[in-house]
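Subject: A structure to look through

Dear colleague,

I am handing over a structure for you to look through, and below it I have set out what was found in it. Please keep the view open while you read.

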Amino acid sequence: MGASNNTFIINPIVAALCFHQMFEGMGLGGCTFQAEYKFLKKVLMVFFFSVTTPFGIALGIALSKTYKDNSPTSLITVGLLNASSAGLLIHMALVDLLSAEFMGPKLQGSIKLQIKAYVEVLLRAGGMSLMAKWA
């Protein structure tokens, strides 16, 4: 966000970042609370969660003077980083979240429910892909 010189893209990114950080913070906060870490560890986790996004934006602003949006190197770098981020999110969704649900006794006991679940996953993945086209 900090490296972008396009002012039209900043507003949607800020909105997406706010929603993403809010829900991610709630999820991480709940996990941290349930894990019963020591107080210092909780403070450090909150600190780093709170500092990483502003630090990344500041770093992007600092590097924006030496950064050319349309150079082949920057396009390849951004593409590789976006692809690795998407791959990590897909892996987390499929391996950590959906596998537990799909291997549960409720879903394993009903073929009809399994088919509904698979169709639902494919429809939602398609919807997210459509949304990504305009992002």
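Let us begin with Glu 120 and Arg 124, which lie 4 residues apart in helix 5 (residues 111–134), so that about one helical turn separates them. Their side chains meet in a salt bridge, with 2.6 Å from N to O, and the count of salt bridges in this structure comes to 1. Please bear in mind throughout that this is a predicted model.

Helix 3, which runs over residues 72–102 and has 31 residues, reaches 42 Å from its first C-alpha to its last, close to the 45 Å expected at 1.5 Å a residue. In helix 3 there is a bend of about 25 degrees, found at Leu 94.

The UniProt record, an unreviewed entry, places the feature "transmembrane region" at residues 43–63 and 75–98. In the model, residues 43–63 are 100% helix and 0% strand, and the end C-alpha atoms of this span lie 30 Å apart. Residues 75–98 are likewise 100% helix and 0% strand, with end C-alpha atoms that lie 32 Å apart.

Finally, there is a pocket to look at. Which helices each supply at least two residues of the lining of the second largest pocket? They are helix 1 (7–35) and helix 2 (39–63), and the largest share of that lining, 5 residues, comes from helix 1. The residues that line the second largest pocket are Gly 25, Leu 28, Gly 29, Cys 31, Thr 32, Met 45, Val 46, Phe 49 and Ser 50. Sorted by class, this lining has 5 nonpolar residues, 4 polar residues and no charged residues, and about 170 Å³ of space lies in the second largest pocket.

With best wishes

Technical notes: Residues numbered from 1 in each chain as written. Predicted model: local features only at pLDDT ≥ 70, side-chain atom pairs only at ≥ 80, totals over all residues. Heavy atoms only, no water. 1 Å grid on protein atoms, 1.4 Å probe; cavity = no way out; pocket = protein on both sides within 12 Å on 5 of 7 lines; lining within 4 Å. Points joined across faces, edges and corners; volume = space filled by probe spheres on them. Nonpolar A, V, L, I, M, F, W, Y, C, P; charged D, E, K, R; others polar. UniProt positions renumbered as here; feature names shortened; annotations may be inferred. Expected span 1.5 Å × (residues − 1). Bend = angle between axes of the 7 residues up to and from the residue. Salt bridge = Lys/Arg side-chain N within 4 Å of Asp/Glu carboxyl O.
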